[in-house]
Every structure is written in structure tokens, then in C-alpha cells.
Amino acid sequence: MKTKIDKELVPMKAHYFLFNAGTAPVVPFMPQLALQLGYSSVVVGTMYMILPIIGLVAKPLFGYIADRYHRHRFLFLGGQLLTAVAFFMIMFVPAAEPETQFHCHAGVSNIRYCSKYAPDTEKDLETHFGNRTLSCQMHCQMVPSMWDIVCQDWLGNKTSNCQTNSSKPWIDFVTYISTRDIVEEPMVHGDGRCLNFLIPHDLGTVDSRNVTLYCPKEKDVFRPKCKMNCSDKYFEEMLPATETISTRSAMRKPEFWFFFGMLIISWAGMAVVVSIGDAICFGILGDRHHLYGKQRLCGSLGWGLFALLAGFLVDAMSEDGSSTKNYTIVFWMTLVILGFDMLASTKLKHVQTHMSSNILKDVGQMFLSMRCVVFFLWCVAIGLGTALIWNFLFIYLEELAKPFDGGQHIKTLEGLVMGIQCFGGELPLFFLSGWILKRMGHVNAMSLVLFGFGVRFILYSMLQNPWYILPIELLNGVTFGLFYATMASYASIVAPPGTEATMQSLVGAIFEGVGVSMGSQIAGQLFEAVSARTTFEIFGIGAFIIFIIHVCVQMYLQRNVPDENGKGRSSKDSDPASASASASASPSATETNAVNDIGQPNSNKNHDDFRDVDLS
């Protein structure tokens with residue numbers, strides 16, 4: 001039997017695949033990149049509290065604009081472009097490096113490291129290394145007067161190319177530092193402290209030549225800023241290559257505002273693409289709402305493949321034994337793949353067939369339905385749990401990984417986690433979501449998602465070996481795949497005609513702007529107040545409690561509240577002519593309309609074969 005392909009849906013599938021494939025290499029790694037750039041966990045937590053609020057504003061705003069002015073395609077493509085460019089620009093944000101200087105004057109050489117390092121670092125280094133001498137690679141900024149000292153006093157004018165190299169703005173050389181008798185003193189400018197490491201006998205190596213790093217007293221002080229790499233894991237952990245920046249310090253740094261600004265733009269772009277993209281998808285599907293999951297599973301496929309690939313490439317391109325990861329490749333992946341997504345999205349054929357005379361009024365009526373209000377609160381509850389997974393799961397994994405391999409393969413593990421989340425969890429659940437919602441109903445599906453979160457968080461709290469997390473990630477199919485299909489499907493079904501994009505945006509804003517934002521703040525406070533393990537345990541117990549409350553509330557609504565939601569109250573119903581026609585309708589016609597699951601007569605959305613679309 002020949003397989004029939006719906007060509008109208010191919011561009012939609014391509015978009016879901018490419019958009020998720022393009023964002024997968026960067027989105028999961030942004031919190032870790034922010035920490036690597038030097039920003040404290042408090043700064044990162046604050047940023048990820050604000051970013052969902054950006055989505056809270058952007059989703060309804062641009063959803064309303066799309067419905068009001070019929071600019072779905074323009075905003076859809078514009079959101080993809082903003083996302084690609086903003087993420088790519090983050091690649092150029094510099095890390096906050098501590099001040100490291102090479103001091104050489106009057107026959108004495110030392111290396112001065114200034115930063116807000118941990119207390120007792122001086123004693124810990126002296127105790128750990130004893131009388132050892134470390135070999136360190138120096139990369140120092142140079143000016144012409146410094147090259148005169150290098151050529152004349154270090155190399156003794158014995159190399160022909162020294163003066164030729166004097167135009168270079170930097171020099172590479174090797175020197176040696178003593179870990180005994182480290183001298184600590186306060187910074188001249190700033191509130192940090194400095195460690196001074198003496199160089200035994202002023203020995204060094206320049207251009208493979210052993211030299212004495214001698215600087216005459218009569219010449220200017222040789223004091224360039226440098227980057228130092230001593231190729232020792234313990235030394236690197238005690239004196240990291242990046243400085244930890246507090247919230248107050250970050251506010252004064254232009255590079256922080258550039259980094260945060262690009263995150264805001266990318267977040268707003270993703271919010272527009274996701275919400276309007278789902279509205280376009282349901283518009284193309286028409287009455288076939290149950291096929292949404294089969295379109296969305298292409299996104300899980302793209303996310304899983306490229307998240308796994310990105311994790312492997314980041315580990316492969318980073319220096320062995322270094323805790324600093326090289327993320328360059330992921331930004332290029334995002335730029336190229338989202339470019340292909342824009343190309344595929346130009347092939348989408350979307351026409352808004354229903355118009356609303358008053359979008360804000362129609363959507364506002366949704367809040368008069370008790371069942372819809374419960375649905376919105378459910379979205380908030382799911383957002384609380386999702387925030388913990390999105391923003392703190394990998395930080396927890398990195399804590400667990402340190403006692404095993406020092407985190408050397410942590411990005412590969414994180415890639416595997418995302419791969420299993422998608423292939424083992426989301427992919428099958430998106431594929432089966434239509435069948436599940438038909439058989440189980442939306443209410444039971446919502447309860448199952450809450451129960452799944454409880455199980456998942458409790459299992460996280462019991463982890464000892466980080467690699468044991470892999471089978472737990474199969475639950476992502478329930479906590480995200482089934483959740484997202486249920487949320488998007490219900491929002492599309494109950495949306496009054498002509499408000500589809502606005503409704504998808506509103507639900508997404510409630511989930512992300514309220515739920516995820518609150519969850520990020522609560523989880524961040526708990527991580528600092530108790531521990532990562534206890535935080536997951538608290539969230540797990542909370543999920544079980546909300547599950548029980550949700551089941552009880554739905555049982556009450558089913559027995560005591562009429563089967564009604566905001567769908568039946570559109571601006572068209574307030575029209576006098578419509579009201580008169582309604583009043584003159586026969587009782588039999590009224591009864592027939594009441595049987596419809598949405599409660600809106602003659603709507604194409606009444607024939608989608610879903611049960612419990614009104615959450616009854």
C-alpha cells in the first residue's frame with residue numbers, strides 16, 4: 001500500500017525539526033555559559049527569573065498583533081531571525097578575567113594574581129603543593145618599550161627576528177612559579193586581594209631559548225597584563241581563569257548588559273516563534289487537532305539529535321582536563337540551522353479563516369469560565385516544575401559529577417540526557433498524544449502530568465551517580481511531551497474564532513512568564529538555602545500535593561459546575577442580531593448545541609473527536 005504524504009504539512013514538520021535543532025545547541029547551555037563567563041549564581045538566577053517575564057509580555061503582545069493585523073508570517077519569520085542573530089552575538093561576550101600581571105623590575109620577577117578568590121587560598125596552595133615549582137604558559141600584552149627589554153635584556157639581541165616581532169601586541173613565553181612563601185596583599189583598586197608568586201632565579205623560556213627574565217632598574221617597570229595557564233587542575237580550581245561577578249558589579253559592566261540584552265532578544269524571538277508557530281500549525285490542521293502531536297514530534301527529533309551532537313562537540317573542542325568549555329561551535333550551529341528554518345518557513349501556507357471583532361474581549365471571557373481558570377492554574381503549576389528542570393538540573397548534575405571524573409565528560413552526559421528526553425520520552429508521547437487524549441481525556445492527562453513530575457523529582461533527589469539519571473529522563477515524555485500536546489490542543493480548541501494566535505500566546509505566557517519565572521526564583525532560593533538534592537525532594541512532594549488537589553477540584557467541577565467554558569462567549573454572541581436569532585432557535589436545536597463539547601454551534605472545531613475538551 002502506497003504511503004500518502006500530506007504535502008501541506010511537510011513545511012510545518014520541517015519548521016518544528018529545524019527550529020528545535022537550531023535552539024538545542026545553545027538554550028540548555030546558557031546558564032552554564034553565564035557561570036563560565038564569571039557571573040555568580042545569584043546573577044544567573046536573577047536573569048532567568050526576568051527572561052520568562054519577557055516571554056509573558058512578548059507572547060500575548062505579538063499574538064494580539066498577529067491576529068489583529070493578520071501578520072502571522074511576518075512576525076513568525078522575524079522572530080526566527082532575531083533568535084538566530086541574538087544567540088550568535090552572545091559568542092562575542094568576553095569572560096570576566098581576573099587581573100594577572102607579570103612584574104619585572106630591578107632584577108626581581110614575580111606574577112601577581114588579583115581577584116575575589118576564596119579565603120585561605122594562599123594556605124591551601126602552599127599546603128597542597130609544598131615546595132613544588134609549577135611551569136606556567138604566559139600570554140602577555142605588549143607595547144614597543146616592553147619589546148626593547150625582551151630583545152636586549154632577555155635575549156641579548158641574539159635572535160634576528162626579535163625586533164621584527166616588536167610590532168606584535170602580545171608575547172608567549174614559559175616561566176616557573178614557586179608555591180612556597182606566597183605573598184598576599186589587598187588590591188590597590190577594588191575590593192579583592194592579590195597573590196604574588198615569586199619566579200625562582202628569574203628563569204623562563206622564550207622562542208625555545210632558556211633565558212633570564214631580567215629587567216634593569218633604570219628602565220620602565222615591565223608590567224603587562226597576562227593570561228596564565230599552569231596546566232594543573234587543582235591550581236586552576238583555586239585560581240580560576242574567570243572572576244566571579246556579583247550582581248552589583250555586573251550592573252556596572254557593559255559586557256553584562258550586552259549579554260543579557262542578547263538573551264532578552266533571543267527569548268522574545270523564541271516566544272513569538274513558538275506561540276505563533278503553534279497557531280499556524282493548528283490553522284493548517286483545521287479539524288484534525290489530534291494530529292498536532294505528530295507534527296510536534298519532529299521538534300523533539302531535532303532537539304534530541306542536535307543537543308546530543310552539541311554536547312559531544314563542546315567536550316571534543318575543549319581542552320582536556322580544563323573546566324572551561326569552548327562553546328564556539330554551538331553558536332555557529334544555531335545560526336546556520338535557523339537560517340534553513342527560515343527558508344523552510346517561507347513555504348508555509350497559512351490563511352486566517354476566522355476573524356474576531358473584539359479579540360481582547362473574546363479572550364478575556366475565558367477567565368469567566370471556572371474550567372478555563374483551573375486550566376490556567378494547571379499551566380502555572382507545570383511551569384514551576386519545568387523551571388527546576390530547565391535551569392537547575394544540569395547544575396545539579398555537575399555537582400554530582402565532580403566526585404567521579406571531575407566533570408570532564410559532563411557535557412557529553414548532558415547531551416545524552418537531552419537525547420533520551422527527546423527520543424525516549426517526548427518523541428513517542430507526541431506521536432501517541434492524539435490517541436491518549438482521545439482515550440483518556442484532557443483532565444486525566446493533566447493529572448497524569450502532575451503525577452509524573454512528582455515521581456521524576458523524587459527520583460532525582462535519590463541520585464548518587466549522575467549517570468543513573470538517564471533512565472529517569474524517559475519520564476520527560478509525560479512531563480513535557482504529553483503536557484505540551486495537552487496544553488496546545490486545549491488552547492486551540494477553546495480559542496474563540498479569530499483569536500488562535502492570541503490564545504496560544506496567552507497560555508504560553510501563563511506557563512512560562514508566570515510559572516517558569518516563579519519556579520526559577522523559588523528553586524534558586526532553595527538551592528542556596530538548603531541543597532540541590534533537598535530542592536528536588538521538596539518539589540516532588542509539592543507536585544504530589546498539587547496532583548491530589550487537581551483531582552479533587554476536577555471531580556467537584558464535574559459534579560457541580562455546568563459544562564461551559566469561555567469558548568461560548570465570543571464578541572459575536574453579544575451582537576443583538578445574533579442574540580435575537582439565538583432566542584428564536586428551537587429547543588431541539590439548543591439541546592443539540594449543548595451536546596457539543598465546546599458549546600459553540602456550527603464550529604468546525606466541534607468535530608475533532610476529542611473527549612473532555614471542556615475539562616469535564
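**View 1. Cys 136 and Cys 230, two buried cysteines.** Cys 136 and Cys 230 are both buried, where buried means under 20% relative accessible area, exposed means over 50%, and partly exposed is in between (1.4 Å probe, protein chains only). A disulfide joins the two, with an S to S distance of 1.9 Å; the term stands for a pair of cysteine sulfur atoms within 2.5 Å. The angle about the S-S bond is 100°, and the link of Cys 136 and Cys 230 is right-handed. This pair links distant parts of the chain, 94 residues apart: Cys 136 sits in strand 3 (residues 133-141), and Cys 230 in the loop between strand 9 (226-229) and helix 8 (233-238). Helices (H or I, at least four residues) and strands (E, at least two) are DSSP runs, numbered from the N terminus.

A word on what you are looking at: this is a predicted model, in which local features need pLDDT of at least 70 and side-chain atom pairs count only at pLDDT 80 or more, while totals for chains, interfaces and linings use all residues. Residues are numbered from 1 along each chain as its sequence is written, and side-chain values use heavy atoms, with hydrogens and water left out.

View 2. Cys 140 and Cys 226 are buried. By way of contrast, look for Cys 281: this cysteine is in no disulfide, and the nearest cysteine sulfur, that of Cys 298, is 9.8 Å away. Cys 281 is buried, with a relative accessible area of 0%.

**View 3. Cys 114 and Cys 194, joined by a disulfide.** How many disulfides does the model have by this rule? The count comes to 4, and the one shown here joins Cys 114 to Cys 194, S to S 2.0 Å. Its torsion is about 110°, so the disulfide of Cys 114 and Cys 194 is right-handed. Cys 114 belongs to strand 2 (residues 108-115) and Cys 194 to strand 6 (residues 193-198), so the pair ties together parts 80 residues apart in sequence. Cys 114 and Cys 194 are both buried.

**View 4. Tyr 460 in the largest nonpolar core.** A nonpolar core is a set of buried Ala, Val, Leu, Ile, Met, Phe, Trp, Tyr and Cys residues joined through side-chain atoms within 4.5 Å. Which residues touch the most other members of the largest one? Of its 125 residues, they are Met 47, Phe 331, Trp 378 and Tyr 460. Helix 14 (residues 370-405) gives the most to this core, with 18 residues. Leaving aside residues up to four places away in sequence, Tyr 460 touches Ile 389, Leu 393, Tyr 396, Ile 469, Ile 472, Glu 473 and Phe 536; contact means heavy atoms within 4.5 Å. A second, separate core of 37 residues includes Val 150, Cys 151, Leu 155 and Cys 162.

**View 5. Thr 205 in strand 7.** Strand 7 spans residues 203-206 and holds Thr 205, which counts as buried at 17% relative accessibility. Among the residues that Thr 205 touches, not counting those up to four places away in sequence, are Phe 173, Val 174 and Tyr 176.
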